[in-house]
Amino acid sequence: MITFTSHSKQIPGPEQPVSKIIDYINGLIPDAYNVIRSVVHFTPAVTVTSLNDIVGKRVYLKLENLQKTGAYKVRGATYKIKRLLRIKRLEGVVTASSGNHAQAVAYAAKVNGIKAVIVMPETASATKIQATRSYGAEVVLHGQLYDEAYEKAIEIAKSKGYEFIHPFDDPEIIAGQGTIGLEILNQVPDVKEILVPIGGGGLISGISIAVKKRKPDVKIIGVQPKVAASMKYFIEGKLEGYKPSYSIADGVVVKNPGKYTSKIVSELVDDIILVDEEDISHAVFFLLERGKIIAEGAGALPIAALLSGAYTPRNDPIVSVISGGNIDPSLLSRIIIHELSKDGRLVTIRGVVDDKPGILHDILEVIASYKLNIVDIKHDRVSPYLMPTKAIVELIFEASSHELVEKALNELKRRGFEFKIKAF
């Protein structure tokens, strides 16, 4: 049993030496574990055989997608609010978030009986907006990126007299996230490397402190999307003028890393790996198909690094933190279609045919004879680019092998129909 002790020391400012910041947060992490353990889940660390085979190493997945509110953020938010309630009466709390921290603060506020106002970027997914409201919080949509939502949240906090809960750049938030590090050391005591998604840096900062202070030889590897790599660019001195782009991993799109977190990451994180959008899409699909695990884009970043070869681990066991599973269902469906098409299991063919009765029947007869399952049919007879006697036929079907598709196309050609696979 980890005993809770009150820490009355003043929180060091971000301008303080990084060693002092790290020591302070490290002192909070056991407290955080004890405070939140009755509220949050101790999430499993599991292996997926096919991933181990591909990587050639033992890889454990720390499933924070199974956490309450669907992501790790509830750890830090719960600890922060509990700490505040020990020292003051809260009228309410306000925060800015693209989704997971929003839900976490809304949930923690509801559990503790206080009001919450959550400012979310207008680009936040409908699923995350709806989930945040379901916890009873007031949701304000403002701006395109987190940074714009943050400015609005600060304005609201001042006008209402509410406490602002930062999503990542706060020692107590970082300590709450650091409880994941304690759990990893408990579950995989011989861990050699840990892969962690990076947005603002709160998660990897907490895990790095918790792990490195207890097992300094463990490698901590951060993963970011190439289109939203603010932490890496900051550390490399290339952040000036940088503006992140939209990513499948929307939960980690941050223009500026935190003042605390950037210092901690610079000190403790061994490397930061970048992955592209195709890597992330494939990782989300792989986890769903092979592991039966629903991960959002941000949560799949470590797997994207491993599957794409962007990162080659040296030692095992490896732990990949699947930080959340709050993916918009419409985005997930588009990823599935995209990946099936890329893999040749969902095929689109297109051809121009004579516009006369029976033609479509003859084409579908060929498709059916090769056990190709029709998903959609588009039959265009009115395009201004067509001769009046012609029609465009586009078929989308499921295929179990590329060979069957080629045989079907050859048979269609033998019967006088010229179809081509629509470029992916």
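Which backbone nitrogen does the side chain of aspartate 276 reach? The side chain of aspartate 276 reaches the backbone nitrogen of glutamate 278, at 3.1 Å. This is a polar contact, meaning a pair of N or O atoms within 3.5 Å; within protein, one atom must be able to donate a hydrogen and the other to accept it, and residues adjacent in sequence count only if both atoms are side-chain atoms.

The model is predicted: local features need pLDDT of at least 70, side-chain atom pairs count only at pLDDT 80 or more, and totals for chains, interfaces and linings use all residues. Residues are numbered from 1 along each chain as its sequence is written, and side-chain values use heavy atoms, with hydrogens and water left out.

**The chain as a whole**

- The protein chain contains 15 helices and 14 strands; helices (H or I, at least four residues) and strands (E, at least two) are DSSP runs, numbered from the N terminus.
- Along the principal axes, the C-alpha atoms of the protein chain fill a box of roughly 85 × 50 × 40 Å.
- The protein chain has 424 residues, of which 56% count as buried; buried means under 20% relative accessible area, exposed means over 50%, and partly exposed lies in between (1.4 Å probe, protein chains only).
- Among contacts (heavy atoms within 4.5 Å) between residues at least 6 apart in sequence, 73% join residues at least 24 apart.

**Charges and salt bridges**

- Side chains of opposite charge can pair when their charged atoms come close.
- The protein chain has 53 positive and 48 negative side chains, and the centres of the two sets lie 4 Å apart.
- In that count Lys and Arg are positive and Asp and Glu negative, while His and the chain ends are not counted; the place of a charge is taken as NZ of Lys, CZ of Arg, CG of Asp or CD of Glu.
- The whole structure holds 29 salt bridges, a salt bridge being a side-chain nitrogen of Lys or Arg within 4 Å of a carboxyl oxygen of Asp or Glu.
- One of them joins glutamate 163 and lysine 88, at 3.0 Å from N to O. Glutamate 163 is in strand E6 (residues 163-164) and lysine 88 is in the loop between helix H3 (73-87) and E3, so this pair ties together parts that are 75 residues apart in sequence.
- Glutamate 163 is partly exposed at 22% relative accessibility, and lysine 88 is partly exposed at 37%.
- Glutamate 91 and arginine 89 also meet in a salt bridge, at 2.3 Å from N to O. Glutamate 91 is partly exposed at 44%, whereas arginine 89 is exposed at 66%.
- Lysine 212 forms a salt bridge with aspartate 270, with the closest N and O atoms 2.9 Å apart.
- Salt bridges that share partners join Lys62, Glu64, Arg75 and Glu183 into one network.

**Serine 97**

- Serine 97 is in the loop between strand E3 (92-96) and helix H4 (100-111), and its relative accessible area of 5% makes it buried.
- The side chain of serine 97 reaches the backbone nitrogen of glycine 99 at 2.9 Å. A polar atom of that side chain also lies 3.3 Å from the backbone nitrogen of histidine 101.
- Not counting residues up to four places away in sequence, serine 97 touches Ala102, Val119, Met120, Pro121 and Tyr146.

- Aspartate 276 is in the loop between E9 and helix H11 (277-291) and is partly exposed at 29% relative accessibility.
- The C-alpha atoms of aspartate 276 and alanine 228 are separated by 9.8 Å, with the two residues 48 apart along the chain.
- Glutamate 172 is in helix H7 (residues 171-187) and counts as buried at 7% relative accessibility.
- Leaving aside neighbours within four places in sequence, the contacts of glutamate 172 include Ile11, Leu28 and Arg83.
- Glycine 222 is in strand E8 (residues 219-225) and is buried at 0% relative accessibility.
- Residues touched by glycine 222, not counting those up to four places away in sequence, include Val196, Ile204 and Asp271.
- The C-alpha atoms of glycine 222 and valine 366, 144 residues apart along the chain, are separated by 50 Å.
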